[in-house]
Amino acid sequence: QVQLVESGGGLVQPGGSLRLSCAASGRIASMYYMGWFRQAPGKVREFVSSIRGNGGSTAYADSMKGRFTISSDNAKNTVYLQMNSLKPEDTAVYYCAARRTATTMYDLWGQGTQVTVSS
């Protein structure tokens with residue numbers, strides 16, 4: 001079973017940047033998609049961004065377009081989420097997830113990393 005470990009969260013001021021990392025214990029190239037989700041207190045978990053396991057196509061939630069960038073390094077089996085122009089409403093626990101095939105949902109999850117945007 002592939003394990004996912006997120007890192008890079010922390011406290012940042014509004015307008016600042018953070019880069020999250022998701023290290024996988026297996027080959028992310030074998031995954032259909034790798035994704036980032038987030039969950040703010042009292043809210044449901046929401047989609048942030050995704051990237052094909054082979055590092056191809058990417059997708060973003062509308063509120064993240066132009067501010068967040070997803071990328072991957074298949075040699076390191078790591079997926080990144082570069083977050084710029086952070087806003088207080090970006091405060092949440094950010095989760096990395098893997099979708100193994102086209103017929104499955106995201107069913108591998110990391111433990112999450114806290115991102116807090118506050119002055």
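Colleague: Let's start with Val79. Which strand is it found in?
Modeller: Val79 belongs to strand β8. One thing to keep in mind as we go: this is a predicted model.

Colleague: Noted! Is Val79 buried or exposed?
Modeller: Val79 has a relative accessible area of 1%, so it counts as buried.

Colleague: Which residues does Val79 touch, leaving out those up to four places away in sequence?
Modeller: Among them are Leu20, Ser21 and Cys22, along with Ile28, Met34, Trp36 and Ile51. Val79 also touches Ile70, Ser71 and Ser72.

Colleague: And how far apart are the C-alpha atoms of Val79 and Ala23?
Modeller: They are separated by 6.7 Å, although the two residues are 56 residues apart along the chain.

Colleague: What about β8 as a whole, how many of its residues are buried?
Modeller: Five of its six residues are buried, so β8 is largely enclosed by the rest of the structure.

Colleague: Which sheet does β8 sit in, and what is the strand order?
Modeller: β8 is part of an open sheet of four strands, ordered β1-β3-β8-β7, and the pairing is antiparallel. The edge strands are β1, residues 4–7, and β7, residues 68–73, each of which pairs on one side only. From one strand to the next, the twist averages 15 degrees.

Colleague: Can you take me through the pairings? How many bridges are there between β1 and β3?
Modeller: Four bridges, in the antiparallel sense, with β3 covering residues 18–24. Val5 stands opposite Ala23 of β3 there. β3 then pairs with β8 over six bridges, also antiparallel, and in that pairing Leu18 has Met83 as its bridge partner.

Colleague: What do β7 and β8 form, and how many residues are between them?
Modeller: They form a hairpin with four residues between them. Asn77 is in the turn, and its phi is positive at about 50 degrees, even though Asn77 is a residue other than glycine. At 17% relative accessibility, Asn77 counts as buried.

Colleague: Where is Ser85, and what is its phi?
Modeller: Ser85 is in the loop between β8 and β9. Its phi is positive, about 50 degrees, although Ser85 is not a glycine. Ser85 counts as partly exposed, at 42% relative accessibility.

Colleague: Switching topic: how many residues are in the largest nonpolar core?
Modeller: The largest nonpolar core has 28 residues, and those with the most contacts inside it are Met34, Trp36, Leu81, Met83 and Tyr94. At least two residues of this core come from each of β3, β4 (33–39), β5 (46–52), β7, β8, β9 and β11 (113–117).

Colleague: Now the rings! How many aromatic pairs does the structure hold?
Modeller: Five aromatic pairs. In one of them, the ring centres of Tyr32 and Tyr33 are 4.9 Å apart and the planes are at 90 degrees, so that pair is edge-to-face. Tyr32 is partly exposed, with a relative accessible area of 24%, whereas Tyr33 counts as buried at 17%.
Modeller: Tyr95 and Trp109 are also edge-to-face, at 6.5 Å centre to centre and 80 degrees between the planes. Tyr95 lies in β9 (residues 92–99) and Trp109 in β10 (residues 106–109), so the pair ties together parts that are 14 residues apart in sequence.

Colleague: Which residues do ring pairs link into a cluster?
Modeller: Phe37, Phe47, Tyr95, Tyr106 and Trp109.

Colleague: Last one: which ring does the charged end of Arg45 sit over?
Modeller: The ring of Tyr95, 4.0 Å from its centre. Arg52 lies over the face of Tyr33, at 5.5 Å from the ring centre.

Definitions and conventions
Residues are numbered from 1 along each chain as its sequence is written. This is a predicted model: local features need pLDDT of at least 70, side-chain atom pairs count only at pLDDT 80 or more; totals for chains, interfaces and linings use all residues. Side-chain values use heavy atoms; hydrogens and water are left out. Two strands pair if DSSP finds at least two bridges between them. Axes are lines fitted to C-alpha atoms, for helices over the stretch in contact, and angles run from 0 to 180 degrees between N-to-C directions. Rings of Phe, Tyr and Trp (its six-membered ring) pair if their centres lie within 6.5 Å; planes under 30 degrees apart count as stacked, over 60 as edge-to-face and the rest as tilted. Buried means under 20% relative accessible area, exposed over 50%, partly exposed in between (1.4 Å probe, protein chains only). A charge sits over a ring if NZ of Lys or CZ of Arg is within 6 Å of the ring centre and within 35 degrees of the ring normal. A nonpolar core is a set of buried Ala, Val, Leu, Ile, Met, Phe, Trp, Tyr and Cys residues joined through side-chain atoms within 4.5 Å. Contact means heavy atoms within 4.5 Å.
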